[in-house]
Amino acid sequence: MYDYDAEDEQDLPPSKSELKRQMLALQELGKKLLDLTATQLKTLNLDEELLDALAEHKRIKSHEARRRQLQRIGKLMRSRDSESIQTAMDIYDSSSSAHAQHFQNLEYWRDRLIAEDTALAEFVELWPECEVQLVRQLIRNTRQEIAAEKPPANSRKLFRYLRKLADPK
């Protein structure tokens, strides 16, 4: 009688069902890519072949042709580093913890810039490409709004500017 061992299971190739599950997971990742804007797709550093396949899917009108194109996208995803693509996409997925952490970091910097005069120097070290004069102006206007108890329009502008700076390029 054959003695079953856990080590023997590691030597076996993945089952047909497991391969299908992996393929469907890659198709789902491809579907998520289709929901992103062109600017967001550029930040993911995808190759031309995959970008062309995504663009082609958006142009296709026939349901069956779209299904086949999605399968093609899944096939292309097999030869890509899907984990790094998923990690990069998490910033755009509002339900992910990476997205929440990203926004908390931006809110932290906005609040700190408004509250502390010394925070601007640290901020400029982190983001040397920022427009310092614009940031100073937004901070000054936000402080004036707070003092006058007005709605936080400039605070929102500052946050949008920080988000534009911090989003991966």
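Colleague: Which hand does the crossing of H4 and H5 have?

Modeller: A crossing is left-handed if the near helix is turned anticlockwise from the far one by less than a right angle, and right-handed if clockwise. Here the crossing of H4 and H5 is left-handed. Helices are DSSP runs (H or I, at least four residues), numbered from the N terminus. This is a predicted model, in which local features need pLDDT of at least 70 and side-chain atom pairs count only at pLDDT 80 or more, while totals for chains, interfaces and linings use all residues. Residues are numbered from 1 along each chain as its sequence is written, and side-chain values use heavy atoms, with hydrogens and water left out.

Colleague: At what angle do H4 and H5 pack?

Modeller: Axes are lines fitted to C-alpha atoms, for helices over the stretch in contact, and angles run from 0 to 180 degrees between N-to-C directions. Under 35 degrees counts as roughly parallel, over 145 as roughly antiparallel, 65 to 115 as roughly perpendicular and the rest as oblique. H4 and H5 pack at about 165 degrees with axes 10 Å apart, and are therefore roughly antiparallel to each other. Their contact (heavy atoms within 4.5 Å) includes Leu50, Ala53 and Leu54 of H4 and Leu70, Ile73 and Leu76 of H5.

Colleague: How do H2 and H4 cross?

Modeller: The axes of H2 (residues 16-35) and H4 (residues 48-59) come within 10 Å and cross at roughly 70 degrees; the two helices are therefore roughly perpendicular to each other. H2 contributes Gly30, Leu33 and Leu34, and H4 contributes Leu50, Leu54, His57 and Lys58.

Colleague: Is Arg80 buried or exposed?

Modeller: Buried means under 20% relative accessible area, exposed over 50%, and partly exposed in between (1.4 Å probe, protein chains only). Arg80, in the loop between H5 (63-78) and H6 (82-89), has a relative accessible area of 18% and is therefore buried. Not counting residues up to four places away in sequence, Arg80 touches Asp47, Glu49, Leu50 and Ile85.

Colleague: Which side chain forms a polar contact with that of Arg80?

Modeller: A polar contact is a pair of N or O atoms within 3.5 Å; within protein, one must be able to donate a hydrogen and the other to accept it, and residues adjacent in sequence count only if both atoms are side-chain atoms. The partner is Glu49, at 3.2 Å.

Colleague: Where does Glu149 lie?

Modeller: Glu149 is in the loop between H9 (132-148) and H10 (153-166). With a relative accessible area of 74%, Glu149 is exposed, and its phi is near 55 degrees, a positive value in a residue other than glycine.
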